[in-house]
Amino acid sequence: MDDLGVAVVIEDDADVRNLLEGVLTQAGFEVHTADDGRSGVEVVRSKQANVVTLDIGLPDIDGFEVLRRIRTFSNAYVVMLTGRTEEPDLLSALNTGADDYIAKPFRPRELRARVAAMMRRPRQEENGLRPSPATWGQAAAPAAGPAESGVLQHNGLRLDHRTRTVEVKGEPLGLTRSEFDLLHVLLKGGGAVCSRADLVRAVRGEFYDHDTYISEADERAVEVHVGNLRRKLNEDQLSPRWLQTVRGVGYRLAPRRPDDA
């Protein structure tokens, strides 16, 4: 990885900050650092960061508030670093706009792998403006057309992988990158069951080998993304049109409905 742009490290622990700076510099980034949340927001703004690593436990304002402020002006890829993997913290990180999270202590190789996976997932900007959280990675539902068209369709939903846009009965649906990637994998599966581990790999850009360890927190993150997808789709859980839960395993596409071409 060379000349990847600007990375900003927001971390109050000097040892961790220096480690992150070294890893990202070796990866090919121009790296800037901050040791508290407020100054970190300003560094991200002034340096126009492409990637941000963000500690949750900062001395002035916590990482969730830092992320909320960053998301008002930047669509930089953000990795949350945390010693906490409880579900409320995970939910807060993903719903506030984090692209990924890593539990401390972490391995430098894992950080580089996560960043590489994130940067393989495209951004979408319109009219030179940065997208709002509702439209990051906006996806289009897969159409049952030829595979090379990049379009998949199912029960009134249309996903175009080339433009990363999704429509439901002609109305655009704003999805995050992770939500789009999960929906794309399920649509491509055509009704085959996708395990939670499979979907974790999809969210990570399929960067990891199949023997890579996947934690309970990783699988909970997938459940959060699927829950958000269902909410945005106004899915009826008793009679789902798109996403079915396979208890104890994962998820699959709901059967096709003849009246929903």
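This report describes the strands, helices and selected residues of a predicted model.

## Basis of the description

The model is predicted, so local features are given only where pLDDT is at least 70 and side-chain atom pairs only at pLDDT 80 or more, whereas totals for chains, interfaces and linings use all residues. Residues are numbered from 1 along each chain as its sequence is written, and side-chain values use heavy atoms, with hydrogens and water left out.

Helices (H or I, at least four residues) and strands (E, at least two) are DSSP runs, numbered from the N terminus. Two strands are said to pair if DSSP finds at least two bridges between them.

## The parallel sheet

An open sheet is formed by five strands with parallel pairing, in the order E2-E1-E3-E4-E5. Its edges are strand E2 (29-34) and strand E5 (100-103); each has a single partner strand, so one side of each is left without a neighbour in the sheet. On average, neighbouring strands of this sheet are turned by 20° against each other, direction ignored. Such angles run from 0 to 180 degrees between N-to-C directions, and the axes are lines fitted to C-alpha atoms, for helices over the stretch in contact.

Within the sheet, four bridges link strand E1 (residues 5-10) and strand E3 (residues 51-55) in the parallel sense. Opposite isoleucine 10 stands leucine 54 in E3. In a regular strand, side chains alternate between the two faces of the sheet.

## Helices against the parallel sheet

Helix H2 (residues 37-47) packs on this sheet and touches E1, E2 and E3; contact here means heavy atoms within 4.5 Å. The direction of H2 makes about 175° with that of E1. Helix H5 (residues 108-119) lies across E2, E3, strand E4 (77-82) and E5, and runs at about 175° to E5.

Helix H5 also contains arginine 114. Is arginine 114 buried or exposed? Arginine 114 is buried, with a relative accessible area of 4%; buried means under 20% relative accessible area, exposed over 50%, and partly exposed in between (1.4 Å probe, protein chains only). The side chain of arginine 114 makes a polar contact of 2.9 Å with the side chain of aspartate 100. A polar contact is a pair of N or O atoms within 3.5 Å; within protein, one must be able to donate a hydrogen and the other to accept it, and residues adjacent in sequence count only if both atoms are side-chain atoms.

## Arginine 69

Arginine 69 belongs to helix H3 (residues 63-70) and is partly exposed, with a relative accessible area of 32%. Leaving aside residues up to four places away in sequence, arginine 69 touches Arg38, Val41 and Ile61.

## Two residues with positive phi

Glutamine 48 lies in the loop between H2 and E3. Its phi is near 50°, a positive value in a residue other than glycine. Glutamine 48 is exposed, with a relative accessible area of 57%.

Asparagine 155 is found in the loop between strand E6 (151-154) and strand E7 (157-160). Its phi is likewise near 50°, a positive value in a residue other than glycine. Asparagine 155 is buried, with a relative accessible area of 0%.

## The antiparallel sheet

Three strands, in the order E10-E12-E11, form an open sheet with antiparallel pairing. Strand E10 (194-195) and strand E11 (243-246) stand at the edges with a single partner strand each, so one side of each is left without a neighbour in the sheet.

E11 is joined to strand E12 (residues 250-253) by four bridges, and E10 to E12 by two. Threonine 245 stands opposite tyrosine 251 in E12, and tyrosine 251 is also the bridge partner of cysteine 194. Glutamine 244 has arginine 252 in E12 as its bridge partner. The hairpin of E11 and E12 has three residues between the strands, and in this hairpin glycine 248 takes a positive phi near 80°.

## Helices H7 and H8

Helix H8 lies across E11 and E12, running at about 145° to E11. Helix H7 (residues 196-203) packs with helix H8 (residues 216-233) at an angle of about 80°, and their axes are 9 Å apart. H7 and H8 are therefore roughly perpendicular to each other (angles of 65 to 115 degrees; under 35 counts as roughly parallel, over 145 as roughly antiparallel, and the rest as oblique).

In this contact, Arg196, Ala197, Leu199, Val200 and Val203 of H7 meet Asp218, Glu219, Val222, Glu223 and His225 of H8. The residues divide into five nonpolar, one polar and four charged. Here Ala, Val, Leu, Ile, Met, Phe, Trp, Tyr, Cys and Pro count as nonpolar, Asp, Glu, Lys and Arg as charged, and the others, Gly among them, as polar.
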